[in-house]
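Subject: Structure handover and notes

Dear colleague,

Please find the structure below. My notes on what was found in it follow directly after.

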Amino acid sequence: MGRTYEEELKFIEQKSPFNWQIKKGFVPNMKVEGTFYVNDKLQQLMFDELKQSCISGGYGGFLPGVKQIGNVAALPGIVGKSIGLPDIHSGYGFAIGNVAAFDMADRNAVVSPGGVGFDINCGVRLLRTNLFEKDVLPIKEQLAQSLFDHIPVGVGSKGIIPMTARDLEETLEMGMDWSLREGYIWAEDKEHCEEYGRMLNADPSKVSSRAKKRGLPQLGTLGAGNHYAEIQVVDEIYNKFAASKMGIEEKGQVCVMIHCGSRGLGHQVATDALVAMEKAMKRDNIEVNDRQLACAHIQSQEGQDYLKGMAAAANYAWVNRSSMTFLCRQSFAKMFNTTPDDLDMHMIYDVSHNIAKIEEHFIDGKQKTLLVHRKGSTRAFPPHHPLIPVDYQLSGQPVLIGGTMGTCSYVLTGTEHGMQETFGSTCHGAGRALSRSKSRRNIAYTDVLDKLKRDGISIRIASPKLVMEEVRTIFPYFLRD
């Protein structure tokens, strides 16, 4: 017999206006406490979700986000806290917007594909230009169509970047070094990307032939779901120093944001790992509160195989975004009859938000080597951190956060306070107020398109009916898959 909603609330305590603590005992076997950050509106959503689960025993096929934070806090080897960021909502195993770190020195510590997600290294990159809104407005429909023509979109889209099986093996191993060698990116693009666009522990042999088969035709494609390529205009600058370091000089400047990941290849890598880890859990007697939290000891064969395969999928995702960056630059150059260089189409930064990385952090005053899972979470490192580019050492790492459809996105910078509170992590988008199924039932896609048109937003989509799925979700978009 489950607890009542009132009984559940006894384990949740408000620590500040925007921060709630989940006490040990909320779910069985919690090793650490949980915590989540929400404003008034998101707070209501979190607690409504919990209340609904007490009444019906489930929520949209997943446990409510607050329960998922607690279940992650029960995983072996977790340190600090299980953290829910402001855009948190229910996901597979881990909530989307959940951060958790595991001690590499603990033999029992685990890695869980649910803490990375199926779209490995789904992420966002931002390009700047020297164009202004007045330059784009007269041709915005043509420019939207040009982007749509250049970048393949939709569920079954196939890439136009020439790829052989050997090329695919090299992208999995080399990441953006492959893109640089083949002439698809500028050298400085690598400098403005997490991990310089390449995870060195990648091993293509840990990626199944089925995953490679799915990935071969999809490189350089936007895909489906909430992915987008969006032409944006700078609306407000709050920190001129940090903005100038990124080449964002004044209001009205045109930028391009691209959001996508590792497509079918990453999904298959995650699926394959979950199957292997379920067997490893039985062998090693690993118990979890939710079977979606399938995991393996970090140092086990299954754990290491996953991390190497995940790194290869991450490299693929960086090449995917890089290929679309190339196509985007070509589109703009064609429309304005000039070169991408003359348009100053430099990459500001590329952030990952579905990934696990080995990092150094302080726990109770002691420096530890941790495996940090970030699912629907953006790394946000402060000024002077050794893992951010030289260009941003004084301002802090650029953090890219998309708004909901038709609203503003944000470019932020990391802080030292964030390092202490959330392992240098923040949210990756606006969150989700409605599930995709509820959005489909309650919102007509024609209403969405009409609203965007009234707001002066031009849009190109592969499937109009998919629009209503994302209207209450994480990202805005100009070109929508």
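E7 and E11 pair in the antiparallel sense through five bridges; two strands count as paired if DSSP finds at least two bridges between them. Helices (H or I, at least four residues) and strands (E, at least two) are DSSP runs, numbered from the N terminus. This is a predicted model, in which local features need pLDDT of at least 70 and side-chain atom pairs count only at pLDDT 80 or more, while totals for chains, interfaces and linings use all residues. Residues are numbered from 1 along each chain as its sequence is written, and side-chain values use heavy atoms, with hydrogens and water left out.

Eight of the ten residues of E7 are buried, so the strand is largely enclosed by the rest of the structure. Buried here means under 20% relative accessible area and exposed over 50%, with partly exposed in between (1.4 Å probe, protein chains only).

The annotated sites

UniProt, in an unreviewed entry, places the feature "binding site" at Cys122, His259 and His353. These residues span 232 residues in sequence, yet no two of their C-alpha atoms are more than 10.4 Å apart, so they gather at one spot. UniProt positions are given in the numbering used here, feature names are shortened, and annotations may be inferred rather than shown by experiment.

Cysteine 122 sits in the loop between strand E6 (110-111) and strand E7 (123-132). Its relative accessibility is 5%, so cysteine 122 counts as buried. Apart from neighbours within four places in sequence, cysteine 122 is in contact (heavy atoms within 4.5 Å) with His227, His259, Cys260, Gly261, Arg321, Ser352, His353 and Asn354.

Histidine 353 is in the loop between strand E11 (347-352) and strand E12 (354-363). With 2% relative accessibility, histidine 353 is also buried.

The unreviewed UniProt entry also carries the annotation "active site", which covers His428. Histidine 428 is in the loop between strand E17 (425-427) and helix H14 (436-442), and is buried at a relative accessible area of 3%.

Two backbone points to check by eye

Asparagine 121 has a phi near 55 degrees, a positive value in a residue other than glycine. Asparagine 121 belongs to the loop between E6 and E7 and is buried, with a relative accessible area of 0%. Arginine 263 likewise has a positive phi of about 55 degrees although it is not a glycine. Arginine 263 is in helix H11 (residues 263-284) and counts as buried at 11% relative accessibility.

The seven-stranded sheet

Seven strands form an open sheet with mixed pairing, in the order E1-E2-E3-E4-E5-E13-E12. Strand E1 (12-16) and E12 stand at the edges, each with a single partner strand, so one side of each is left without a neighbour in the sheet. On average, neighbouring strands of this sheet are turned by 25 degrees against each other, direction ignored. Strand E3 (residues 34-37) and strand E4 (residues 78-89) run parallel and are joined by three bridges; glycine 34 stands opposite serine 82 in E4.

Helix H3 (residues 65-72) packs on the sheet and touches E1, strand E2 (19-22), E3, E4 and strand E5 (96-103). The direction of H3 makes about 160 degrees with that of E4. Axes are lines fitted to C-alpha atoms, for helices over the stretch in contact, and angles run from 0 to 180 degrees between N-to-C directions.

Helix H2

Helix H2 (residues 40-56) has 17 residues, which at 1.5 Å a residue should span 24 Å; its end C-alpha atoms are 24 Å apart, which agrees. The expected span is 1.5 Å times one less than the number of residues. Leu42, Gln43, Met46, Phe47, Glu49, Leu50 and Ser53 of H2 are buried. They cover an arc of only 145 degrees around the axis, which puts them on the same side of H2; the arc is that of the directions from the helix axis to the C-beta atoms. The buried residues of H2 pack against helix H1 (5-9), E1, E2, E3, H3 and E4. Asp40, Lys41 and Ile55, on the other side of H2, are exposed.

Regards
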